[in-house]
Amino acid sequence: MTLTLPDGRDVRPGKILCIGRNYAAHVAEMGDVSEAEPVVFLKPTTALVADGGEVVLPRQSEDVHHELELVAVVGTPGRHIDEASALGHVAAYALGLDLTARDVQAQAKSKKGPWSIAKGFDTFAPLGPLTDAAEVPDPQALEIALAIDGHERQRGTTDHMVFSVARIVSFLSSVFTLEPGDLIYTGTPEGVGPVRDGERLHATGTGLAPLTVTARRERAS
């Protein structure tokens, strides 16, 4: 997928960096505990699917869950970015979904293994149209919501994040060099749940372009 940043640059995302356990109520509903530092995992870029596209529910899973997220899009590269200047490295924001094969994830956790397969199937990172960061004066003052077939499933406000967008950008840059086009999925509020074949997922957020995708069950070939 190629993204056009607000300044007109066309970039291809190199990394999809995701934050887990970043809303206290979601941590509680999953039976987890909050961490002192952000919980980070990655998705492959083949997981991306644009607004209007299809999410494929893979044959390997019978329990794919939706996780609504605010996504920060890196515009200015950096390494060891201080928190005070971190938002200056964000070119745009978008709505996104972190889809998770929950049964696959549970099996991996039972073996104390990584989550990569559960999080990384093709189309498991829907991404909405970009909104210029200049039009989002405070990324910690946004309300985001997800409806499935017209029924609200998730609603949260970004001021409930355990780690702010600025803190996340700063932390990630201490590990990875952030590059233009990198995507940062910042965590999900409570209300995660299953996605079924044929359902329409519609995400909205304060001042952000909506994201709509349709779920389709993968058929055996």
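Predicted model: local features only at pLDDT ≥ 70, side-chain atom pairs only at ≥ 80, totals over all residues.
**Entry 1**

Is F41 buried or exposed? F41 has a relative accessible area of 9%. The cut-off for buried is under 20%, so F41 counts as buried.

Next I looked up aromatic pairs. The structure holds two of them. In one, the rings of F41 and W115 have their centres 5.7 Å apart. Their planes stand at 55°, so I noted the pair as tilted. I then checked where the two partners sit. F41 belongs to strand 4 (residues 39-43). W115 lies in the loop between helix 2 (102-110) and helix 3 (116-120). The two residues are 74 residues apart, and the pair links distant parts of the chain.

**Entry 2: the nonpolar core**

I turned to the largest nonpolar core and found 61 residues in it. Which residues have the most contacts inside it? I listed Y93, L127, V169, L183, Y185 and L201. Strand 9 (residues 90-97) gives the most to this core, namely seven residues.

Leaving out neighbours within four places in sequence, I found V169 in contact with I81, A86, V90, L178 and I184.

**Entry 3: E199**

Last, I looked up a glutamate. E199 sits in the loop between strand 16 (193-194) and strand 17 (200-205). Its relative accessibility is 11%, so I logged E199 as buried. What does E199 touch, not counting residues up to four places away in sequence? I found I148, D149, R153, P194, V213, T214 and A215.

Definitions and conventions
Residues numbered from 1 in each chain as written. Heavy atoms only, no water. Helix = DSSP H or I, 4+ residues; strand = E, 2+ residues; numbered from the N terminus. Buried < 20%, exposed > 50% of the residue type's maximum accessible area, 1.4 Å probe, protein only. Contact = heavy atoms within 4.5 Å. Phe/Tyr/Trp six-rings, centres within 6.5 Å; stacked < 30°, edge-to-face > 60°. Core = buried A, V, L, I, M, F, W, Y, C linked by side-chain atoms within 4.5 Å.
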